[in-house]
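Here is a friendly briefing to read alongside the sequence and the 3D view. Please keep both open as you go through the points.

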Amino acid sequence: MIRAMQLQDKNGVMRLLHETAMFTAAEIAVAEELIDLYLNQPGQKDYVVDVLEDDSGRVVGYATWGPTPLTDGTYDLYWIAISPDAQGKGYGKKLLRRVENKIEEEKGRVLIIETSSQPRYESTRQFYLKQQYQEVVRITDFYQANDDRVIYAKYFS
């Protein structure tokens, strides 16, 4: 089941962010800031946070996304993560489809996703390509030397 994140989901989401071993402490801190903003300021319109539960009701995935400021119909996927023990079961695809469907319902035109060029993100980049995203920009040495910013886009009709 995929649904809007609730306060009681926070520990599970933070757990899976740590368990993936994909994110630095600073990145996890930023993810938590956005989660807290979403949970503590229900009137804000910048971020949406969804969670995905497995059949037992355990939170095994989450995504943070929202409209890109100062654009018409452009959205950003800020975070998407699946618990390591739940990967390979189609949860990431289901969660991404939920985000895409919501954006299309809001008459969104494009979803932008950015990631790193580091080798540990190879499976992430391949996942986006398999979901029909196109690499549209690569900024060399963006995060640090030998770590490019890779930006993907998917356009909706």
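## Around D54

Leaving out residues up to four places away in sequence, D54 touches V60 and Y91. The model you are looking at is predicted.

**More on D54**

- As for its place in the chain, D54 is found in the loop between strand 2 and strand 3, the latter covering 59-67.
- Is D54 buried or exposed? With a relative accessibility of 16%, D54 counts as buried, because buried means under 20% relative accessible area.
- The D54 side chain also makes a polar contact with the side chain of S56, at 2.7 Å.
- For a sense of distance, D54 and E105 are 51 residues apart along the chain, and their C-alpha atoms are separated by 25 Å.

- How many salt bridges does a search of the whole structure find? The search finds 14.
- One of the salt bridges joins E53 and R3, with the closest N and O atoms 2.7 Å apart.
- E53 lies in strand 2 (residues 48-53) and R3 lies in strand 1 (residues 2-4), so this pair ties together parts that are 50 residues apart in sequence.
- Both E53 and R3 are buried.

- E122 and R125 meet through their side chains in a salt bridge, with an N to O distance of 2.7 Å.
- Both residues belong to helix 4 (residues 122-130); because E122 and R125 are 3 residues apart there, about one helical turn separates them.
- The two partners can be described one by one: E122 counts as partly exposed at 34% relative accessibility, whereas R125 is buried, with a relative accessible area of 8%.

- R138 has a relative accessible area of 40% and is partly exposed, while D148 counts as buried at 12% relative accessibility.
- Coming back to R3 and E53, salt bridges that share partners join R3, D9 and E53 into one network.

**Helix 1 against helix 2**

- The crossing of helix 1 past helix 2 is right-handed.
- On the helix 1 side, the residues that meet helix 2 are K10, V13, M14, L17 and H18. Their counterparts in helix 2 are I28, A31, E32, I35, D36 and L39.

**I2 in strand 1**

- I2 lies in strand 1 and is partly exposed, with a relative accessible area of 22%.
- Which residues is I2 in contact with, leaving aside its neighbours within four places in sequence? They are D50, V51, L52, K94, L95 and R98.
- I2 and V59 are 57 residues apart in sequence, and the distance between their C-alpha atoms is 9.4 Å.

**Positive phi in two loop residues**

- A21 is not a glycine, although its phi is positive, at about 60°.
- A21 is found in the loop between helix 1 and helix 2, and A21 counts as exposed at 57% relative accessibility.
- K107, another residue other than glycine, has a positive phi near 65°.
- The loop that holds K107 runs between helix 3 (91-105) and strand 5 (110-116).
- K107 counts as exposed, at 68% relative accessibility.

Key: Residues are numbered from 1 along each chain as its sequence is written. This is a predicted model: local features need pLDDT of at least 70, side-chain atom pairs count only at pLDDT 80 or more; totals for chains, interfaces and linings use all residues. Side-chain values use heavy atoms; hydrogens and water are left out. A salt bridge is a side-chain nitrogen of Lys or Arg within 4 Å of a carboxyl oxygen of Asp or Glu. Helices (H or I, at least four residues) and strands (E, at least two) are DSSP runs, numbered from the N terminus. Buried means under 20% relative accessible area, exposed over 50%, partly exposed in between (1.4 Å probe, protein chains only). Contact means heavy atoms within 4.5 Å. A polar contact is a pair of N or O atoms within 3.5 Å; within protein, one must be able to donate a hydrogen and the other to accept it, and residues adjacent in sequence count only if both atoms are side-chain atoms. A crossing is left-handed if the near helix is turned anticlockwise from the far one by less than a right angle, and right-handed if clockwise.
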